[in-house]
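Hi everyone, thanks for coming.

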Amino acid sequence: MNIAIVGASGAVGQEFLRVLDEQNFPIDNMRLFGSKRSAGQTRTFRGKEYVIEELTADSDFSGVDIAFTSAGAGTSKQYADVITRHGTLMIDNSSAFRMDQDVPLVVPEVNGADALNRPRNIIGNPNCTTIQMVVALKPLDDLSHIKRVRVATYQAASGAGATAMEELKIQTAQLSRGEEPTIEKFKYQLAFNVIPHIDVFTDNDYTKEEMKMFNETRKIMHSDIKVSATCVRVPVLRAHSEAIWAETERPVSVEELREAFAKAPGLIIAEEKNGEKFYPMPLDIAGKDPVYVGRIRKDLCDDCGLSFWIVGDQIKKGAALNAVQIAQWLLENDPKFKK
């Protein structure tokens, strides 16, 4: 395969390189693209050095089979035609096209086949919080249709990029020395704090991040499911956590759900460690591929309700890994790419 990475110098761009190597993705040739500022920088992949090219309106993607893009919605919209005009498939990690009817929004464990219908040669990579949630919702929905989901997220600094992670480290060090913290990336101090505000507020007082979970879940699952979310930034470097309450059409037992989780792709149950009750935590999950689930129990407020806790690495499954898994799914199922 001939591939390109757009946004190669960013946190997700760097994760693409790591994930492609870890997944042993078949690559014959690779090109890296970035802004004027990052052009000329080099990255090493599988022992070979690659120079980042500046992405411009004249960039030539002919011969590139798949382009993984993670340079922000504005860049994706501006250069989509440049990237796809010679037949390159664009797997886009931004929010630019996610809700467009002619762009599939794909999580391979949930709706891989949607990737086959891509009239614009663009596939959307969903929002990080949505990705890990639908991986866990799918096996439950297969048991009984999910009517409603209530979710509270606990989102790491990594969701706002490498500079946000660095700011959390700097703030923590400053506060430990009794200094005033530097506040630039977030609206408020994140260290030793939680901020119930991710992205901008919309007219209904939910944030765009929260509305993404509502709209993207319905599109991915082809469902009338309703999702009410509260998205919170927490002082964790990497890996998002979510507390989920799901209401199904019929009562589903904890034993049924646990069995379904155990069989589900991309999901690992973490409920016991050294003979004691256990649960997944960001500290343990950062850098890992699957979504981990624990604290599985009946909802005390609803006979048709279940509650569980999930943790997933935002930069991996929530971004780069899911995009690479879309490409892997196509290699195995799409005649255009199938070897």
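Let's begin with helix H4 (residues 128-143) and H9, which pack at an angle of about 85° with their axes 8 Å apart. A quick word on terms: helices (H or I, at least four residues) are DSSP runs, numbered from the N terminus. Axes are lines fitted to C-alpha atoms, for helices over the stretch in contact, and angles run from 0 to 180 degrees between N-to-C directions. That angle makes H4 roughly perpendicular to H9, a label for 65 to 115 degrees; under 35 counts as roughly parallel, over 145 as roughly antiparallel, and the rest as oblique.

Please keep in mind that this is a predicted model, where local features need pLDDT of at least 70 and side-chain atom pairs count only at pLDDT 80 or more, while totals for chains, interfaces and linings use all residues. Residues are numbered from 1 along each chain as its sequence is written, and side-chain values use heavy atoms, leaving out hydrogens and water.

Now, H1 and H9. The axes of helix H1 (residues 11-22) and helix H9 (residues 316-333) come within 9 Å and cross at roughly 55°. That makes H1 oblique to H9. In contact here, meaning heavy atoms within 4.5 Å, H1 brings Val-12, Glu-15, Phe-16, Val-19, Leu-20 and Glu-22, and H9 brings Lys-316, Ala-319, Ala-320, Leu-321, Ala-323 and Val-324. By class, that is nine nonpolar, no polar and three charged residues. Nonpolar covers Ala, Val, Leu, Ile, Met, Phe, Trp, Tyr, Cys and Pro, charged covers Asp, Glu, Lys and Arg, and the others, Gly among them, are polar.

Back to H4, which also meets helix H7 (residues 254-263): their axes come within 9 Å and cross at roughly 125°. That makes H4 oblique to H7. The H4 side of this contact is Ala-136, Pro-139, Leu-140 and Leu-143, facing Glu-256, Leu-257, Ala-260 and Phe-261 of H7. Seven of these residues are nonpolar, none polar and one charged.

Finally, which residues line the largest cavity? They are Val-6, Leu-55, Thr-69, Ala-71, Thr-75, Ser-76, Tyr-79, Ile-83 and Met-90. A cavity is a set of points on a 1 Å grid over the protein atoms alone where a 1.4 Å probe fits but cannot get out, and lining residues have an atom within 4 Å of a point. Helix H2 (residues 73-84) gives the largest share of that lining, four residues. Six of the lining residues are nonpolar, three polar and none charged.

How values were computed: Helices (H or I, at least four residues) and strands (E, at least two) are DSSP runs, numbered from the N terminus. On a 1 Å grid over the protein atoms alone, a cavity is a set of points where a 1.4 Å probe fits but cannot get out, and a pocket is an open set with protein on both sides within 12 Å along at least five of seven lines; lining residues have an atom within 4 Å of a point.
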